[in-house]
Amino acid sequence: MNEFTLSDGSRIPQIGFGTYQIQSPEPVLRAIEAGYRFFDTASLYETERTLGKALRESGLPREEFIIETKLWIDEMDNPAGALGRSLKRLDTDYADIFMIHWPRETGEADENWKERDLETYRGMEKLVEAGKVRRLGLSNFLPHHLKNILDNCSIRPVVNQLEVHPGYTQEAALRFCRDNGVQVMAWSPFGRGQSPDILGNRMVAYLAEKYGKSTRQITLRYLIEKGIMPIPKATSEEHIRANLDVFDFNLTEDEVSMLTGMPQTTWLGEHPDFAIPTARSSAENRTDS
Ligand SMILES: NC(=O)c1ccc[n+]([C@@H]2O[C@H](COP(=O)([O-])OP(=O)(O)OC[C@H]3O[C@@H](n4cnc5c(N)ncnc54)[C@H](OP(=O)(O)O)[C@@H]3O)[C@@H](O)[C@H]2O)c1
């Protein structure tokens, strides 16, 4: 698969596999067969154990895979403990990328978020030094959150995971990340699976017809053309394979520009400054399906 190069010179595939709400190892095993090697999970998703089981069942060596996981807000005071629990569930002794999942707790009421983010990040830097984490990343960090880390870190974050898709293109955040050498990954690249505002958009439908692709494949190709790595989740084998079948065509510069200029819908997940999803269970008791 084509790759992006990160600021530390390492390379990642241009498409990864999301595991939110994956209930069994089968979709992951199908994804491995189809060629995915990058897997995104998080303590919050309670899918680390399932992912670890599938990677083990694949029979492929650990080094074949890039595994990314994230610590949740209720784990920020103890990154080493969070990583230890994640690695245990994943049944591995290192994480390729370890992220802070969410930059602030309760939006405008959370006055200490900058200090907490920094303290957490410094704890994560120690985990890199100890060899338990290869690289650090952030998730849902908008420019003001990211600047706080970049101005004060000793190990730069290589990636930032954001909600990005046609209709919510986050141009300011993308520019800030690009200017600072931070690779952007797009979560919910179809807009939470199937936003009709995106997939039903006339321009997206026109391009799907023109290139003989689905509207979802057009959105994935659009992100890649923008230098963004999408991490779609799929459980059906057909979808798993279709999402990798986006490397035999290119959108023109004008088409990328037209999609960027599509009417902006809104964020479809939660917004980093105003709301957070809630954990289903406490950090220590988080179990996987
Ligand atoms: N950092 C964060 O805060 C954050 C937040 C949300 C998500 N994420 C990450 O991003 C990943 C992806 O986001 P997501 O899980 O919200 O949703 P998504 O990838 O936008 O969409 C998944 C849904 O789209 C369907 N689908 C996938 N490919 C398809 C295709 N080719 N044709 C038709 N339908 C297709 C899937 O159906 P089937 O299952 O039936 O195949 C599933 O219902 C997550 O799994 C997670 O790893 C991160």
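**Group meeting: helices, sheet and core of a predicted model**

Good morning. The crossing of helices H4 and H5 is right-handed.

Two packed helices are described by the angle between their axes and the distance between the axes. For H4 and H5, residues 143–150, the angle is about 50 degrees and the axes are 10 Å apart. Which residues make the contact? From H4 come Lys114, Asp117, Leu118 and Tyr121, and from H5 come His145, Asn148 and Ile149.

H4, which spans residues 113–129, also lies across strands S6 and S7, and runs at about 160 degrees to S7. That brings me to the sheet.

The sheet is open and has 8 strands, paired in parallel, in the order S3-S4-S5-S6-S7-S8-S9-S10. Its edges are S3, at residues 17–18, and S10, at residues 229–230, each of which pairs on one side only. Helix H3, residues 79–90, packs on this sheet as well, where it touches S5 (66–71), S6 (95–100) and S7 (133–139). The direction of H3 makes about 135 degrees with that of S5.

Let me now turn to strand S8, residues 159–163. On one side, S8 runs parallel to S7 and is joined to it by 3 bridges; here Val159 of S8 is the bridge partner of Gly137. S8 also pairs in the parallel sense with S9, residues 183–187, over 5 bridges, and Glu163 stands opposite Trp187 of S9.

Is S8 buried or exposed? Of its 5 residues, 5 are buried. Val159, Gln161 and Glu163 point one way from the strand, while Asn160 and Leu162 point the other way.

In soluble globular proteins, nonpolar side chains tend to be buried together. The largest nonpolar core in this model holds 72 residues, and those with the most contacts inside it are Phe98, Val184, Met185 and Ala186. S6 gives the most to this core, with 5 residues. What does Ala186 touch? Setting aside residues up to four places away in sequence, its contacts are Leu162, Val164, His165, Leu223, Ile228, Met229, Pro230 and Ile231.

Thank you for your attention.

Notes:
Residues numbered from 1 in each chain as written. Predicted model: local features only at pLDDT ≥ 70, side-chain atom pairs only at ≥ 80, totals over all residues. Pairing = 2+ DSSP bridges. Helix = DSSP H or I, 4+ residues; strand = E, 2+ residues; numbered from the N terminus. Contact = placed C-beta atoms within 7 Å. Axes fitted to C-alpha atoms, helices over the stretch in contact; angles between N-to-C directions. Core = buried A, V, L, I, M, F, W, Y, C linked by C-beta atoms within 7 Å. Buried ≥ 20, exposed ≤ 12 C-beta atoms within 10 Å, placed from the backbone. Left-handed = near helix turned anticlockwise from the far one by under 90°.
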